Amino acid sequence: MTTETTKKFNIDTVEHAAKTPDTELPWAELGLKQNEFDEIVKVLGRRPTGAELAMYSVMWSEHCSYKSSKNHLRQFGEKVTEEMKKDMLVGIGENAGVTNLGDGWAVTFKIESHNSPSFVEPYQGAATGIGGIVRDIISMGARPVAVMDPLRFGAIDHPDTARVMHGAVAGIGGYGNCLGLPNIGGEMVFDSVYQGNPLVNALAVGVMRHEDIRLANASGKGNKVVLFGARTGGDGIGGASVLASESFDDTKPSKRPAVQVGDPFAEKVLIECCLELFKGSLVEGIQDLGAAGISCATSELASNGDGGMEVELTSVLLRDPTLTPGEILMSESQERMMAVVTPENIEAFEAVMDKWAVEYSWLGEVTDTGRLIITWEGEVIVDVDPRTVAHDGPVYDRPFARPEWQDSVQANSFTGSVEDAGRPSAPTELAAAVTELVASPNMCSKSWITKQYDRYVGGNTAMAFPDDAGVVRVDEETGLGVALATDANGRYTYLEPYQGAQLALAEAYRNVATSGAVPMAVSDCLNFGSPEDPDVMWQLAEAIRGLSDACMELGIPVTGGNVSLYNQTGTTPIHPSPVVAVLGKLDDVARRTPSGWREDGQAIYLLGTTAAELDGSEWSNLRGHLGGLPPKVDLAAERALGEILINASRDGMVDAAHDLSEGGLAAALVESSLRYGVGARIALEELMERDGVDLFTALFSESQARAIVSVPRSEEVRFKDMCTARGFAHLRIGVVDAAGGKLEINGVDELSLDALREAHEATLPKYFG
Amino acid sequence: MTSIPLIGEAVAVAAEPRLAGAKIGVVTFPGTLDDRDAARAVRLAGGTAVSLWHADSELGDVDAVIIPGGFSYGDYLRAGAISRFAPLMSKIIDAANSDAKLPVLGICNGFQILTESHLLPGSMIKNDHLKFICRDQTLRVENANTAWTVDYTDGQEIIVPLKNQDGQYIADEKTLDALEAEGRVVFRYVGFNPNGSRRDIAGISNAAGNVVGLMPHPEHAVEAGFGPESLNGEPRDTDGLGFFTSVLTKIVGGDK
């Protein structure tokens, strides 16, 4: 036996490749198409080496290259007004966008998918989803301060849902809790369309001073390239190209080993270590290692810099010494970072590593050749223009067309359908309907999940689940802080993708404004089926067009995000699910508005108007119906409502505010009452009269641009005057009743809060223990 | 070189000069999470927080020590089992056992480190329901006579956050009986035992009362607007401040 493990491969050098043009390469197994392989040969002027092939295959995968969506995603950069640019410090393209918060503070946030790994191995998939998004935030120079997780799983009663639920929630908690990042919100949706393709999205937010913003580039000839953090192992090899870019079907062998394994302790140490590096200005450029590992980090750092880079691959510290060069380049081992350090800072850099007991190895240096050269014991195995790897991947204009079935789906309205038979109208029926709604899988209390997450760590969480937005303080002196909400409605988007995406944005925007924060920026995670299906491609194109148009109208830019395609089982795609995160700013988090009322006698107002909009609603979902058109989008109204909520919060005119969305007014009234166990007396006759709707519709319609607020008596005149001056519909629908312990709605049998709470909270424990 | 005003630093407090002189060390291990929170709690109580690093071999001139929560070394072994061997821990153990009786508070992972160090008896195992749990927890102060509880009263009920995975306190019956008899059960869970701890024990002390460990997190209930609330929305966000004012009172001696 020999200890010279590095000798055991037949190294396919560049020289060798040039001499052996006809060698068969496994490009198809690595997920490349014939035209893509031909393009690589053309770019290089020869066949790629094995190592080069590995790099191109992962970097040109759908997951890393956005080859199907790029042509559409451009709109996020093009449809931008001066208003939207005002506070954007770093836009799309970097690890995460950066927004100016004022007072020298900046905030960075991003949402990403970790869908396929979370289906294969829910615990590790969800855990490493958190790990990856947090490293994106660190690599911008920021201290991560919170995370959020929008989740979409299959039917609540399907046997496999429990597997995914237990694993993903434990993984998010196990990793996030151990990092010391409060989990401040998210979503939980059950729908059988996600049965074989659960959506596990992860959002992280970080803050920094302006001068600490870091970018991923390698500049300055002679500067050193260092890899630090965990060792490189065999986990996640080919994950990016193989897992995230193909659909699951039964014809291929198991892909289980391609899921990465997380080590949250290593990541926590890495966070502190990086912050110390930033504090000492010890790194020139930094990049996290996520999908495509070293392939991605070296090619992105080199192509974003002004020169080239030379790296010796045998210097990489390995967990598994048998890894081949190609595997090392593709490995997606977690908790690793790559940085560029000036020679003068090497000593200081090493001192920080030693303090935190973090392993590191110097791999090479920045050059001025414009080439990315990777050697194996001095022999060149990669010699490429890094741009061709990182940025010049294939771009496809995938064909798309409005599906033939779209018209018939839209023509099938809930009202008057078979499923609508026996619509509740009597007081007992309506009370039962309200109870059924708030106990339903999508509307029930999510505390079974959120109590497994630490929301306190850091001491800056001003608001978290179940309020409309998560709120975190940034500056302890001034109270400056940020609010975040994520939303999506797959059913709305299925019915009408352009509008559905806008409704997701509208809801997240409304949630942030409801908390009292001024919406500032957007990050999106576009979860769709296969782009090779023209129906799905149309959904994607329409959703992007809708979202980018709506961002322009609301005046808030998309600063980053991610696209997750091929979320389908066989030929059946998930509902198109653009998950939209909106970030807002609060000058003083002490002024944030919670979703529940507390004080007896306060007036309850409904803002906005109600139309008969039940298509795509939670109620229709409960009756097993999906058809018609989603609620109307009115972005001008959303903006006006937002301004009212923000002003009301700033001037102390409201004590509670809750947006109306899924489940309509019925869900909002119950949630605001249960928040603090304080009931209300509600009368909707005037609303029904004004808007021309019946009581059922008033309660269950999901008309947009609405919110309920509780107004202290002393503020009522001022509040009404403000709404009147802004020409926004507002109606007093009731009063807070602290003594009764019930929610009384005229025309609906009395609902005791105890019974509502019982119904609301029993659902998840019933299915998941 | 830029200076990052890290979140969790520099909250201005109208400090009582007498208290501000008291220095409370807050230990950071690799994987410690709540060190900045503990330091903030000390500042909000009026004292001066001093950062201590696990690998340091000297304790310096601190008047008390807090071992905060987190997942030191990832809790991949028994929680606290590795941290217990940190160079600084041997200094803390000596100081706690010395005649000067250095006040030491272990919170959550800190409590686990104190049991591993044998400064406190018993141990923590995985919660009986096998899940991480985060909730606003009601505690009853069973002994308001320790270095960390003199600002509470016996029987007082407080609400502080609880968040743990391995929080089930266990000890043999003899030890439990001795703890009860000697008044060393300092806190008990009220209303709901969140992890299956024996006899609803949330926190205990050593015989001298200078070393206290508990699973819940008083440092997360020290500031208005950033802590727990009662079920009906009444703010209970500063119920934990008493831990930190207690030790400061103790250090400066006599009445505040």
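This is a predicted model: local features need pLDDT of at least 70, side-chain atom pairs count only at pLDDT 80 or more; totals for chains, interfaces and linings use all residues.
**Strands of chain B**

Helices (H or I, at least four residues) and strands (E, at least two) are DSSP runs, numbered from the N terminus, and two strands pair if DSSP finds at least two bridges between them. Strand β10 of chain B, residues 201–205, is largely enclosed by the rest of the structure, because 5 of its 5 residues are buried; buried here means under 20% relative accessible area, exposed means over 50%, and partly exposed lies in between (1.4 Å probe, protein chains only). β10(B) pairs in the antiparallel sense with strand β9 (residues 185–189) of chain B over 3 bridges, and B:F187 has B:G203 in β10(B) as its bridge partner. β10(B) also pairs in the antiparallel sense with strand β11 (residues 211–214) of chain B, over 3 bridges. β10(B) and β11(B) form a hairpin with 5 residues between them, and B:G209 in the turn has a positive phi of about 85°.

**A mixed sheet in chain A**

In chain A, 6 strands form an open sheet of mixed pairing, in the order β1-β2-β3-β6-β4-β5. The edge strands, each of which pairs on one side only, are β1 (88–90) and β5 (183–190) of chain A. Neighbouring strands of this sheet are turned by 25° against each other on average, direction ignored. Within the sheet, strand β3 (residues 105–113) and strand β6 (residues 199–209) of chain A run antiparallel and are joined by 9 bridges, with A:V207 in β6(A) as the bridge partner of A:V107. Helix α8 (residues 122–138) of chain A packs on the sheet, where it touches β3, β4 (143–153) and β6 of chain A, and its direction makes about 25° with that of β6(A). Contact means heavy atoms within 4.5 Å.

**Helix packing in chain A**

For the helix pairs, axes are lines fitted to C-alpha atoms over the stretch in contact, and angles run from 0 to 180 degrees between N-to-C directions. The axes of helix α11 (residues 264–279) and helix α14 (residues 346–355) of chain A come within 10 Å and cross at roughly 155°, which means that α11(A) is roughly antiparallel to α14(A). Angles under 35 degrees count as roughly parallel, over 145 as roughly antiparallel, 65 to 115 as roughly perpendicular and the rest as oblique. The contact brings A:C273, A:E276 and A:L277 in α11(A) against A:F349, A:V352, A:M353 and A:K355 in α14(A), and these residues divide into 5 nonpolar, no polar and 2 charged. Ala, Val, Leu, Ile, Met, Phe, Trp, Tyr, Cys and Pro count as nonpolar, Asp, Glu, Lys and Arg as charged, and the others, Gly among them, as polar.

Helix α17 (residues 427–439) and helix α24 (residues 664–676) of chain A pack at an angle of about 75°, with their axes 10 Å apart, so α17(A) is roughly perpendicular to α24(A). Here A:V434, A:L437 and A:V438 in α17(A) meet A:A666, A:A667 and A:V670 in α24(A), and the contact divides into 6 nonpolar, no polar and no charged residues.

**Loop residues and backbone**

Most residues other than glycine have a negative phi, and most peptide bonds are trans.

| Residue | Phi |
|---|---|
| B:Y73 | near 55° |
| B:L130 | near 65° |

B:Y73 is found in the loop between β3 (64–67) and α3 (87–97) of chain B. B:L130 lies in the loop between β5 (123–125) and β6 (133–141) of chain B and is exposed, with a relative accessible area of 58%. In chain A, a cis peptide bond with omega of about 5° joins A:F465 and A:P466, and A:P466 is found in the loop between β14 (461–463) and β15 (470–473).

A:P712 is placed in the loop between β25 (707–711) and α27 (716–725) of chain A, and counts as buried at 14% relative accessibility. Leaving aside its neighbours within four places in sequence, A:P712 is in contact with A:Q602, A:M653, A:V654 and A:D655.

Methods: Residues are numbered from 1 along each chain as its sequence is written. Chains are lettered from A and ligands numbered from 1 in the order in which they are written. Side-chain values use heavy atoms; hydrogens and water are left out.
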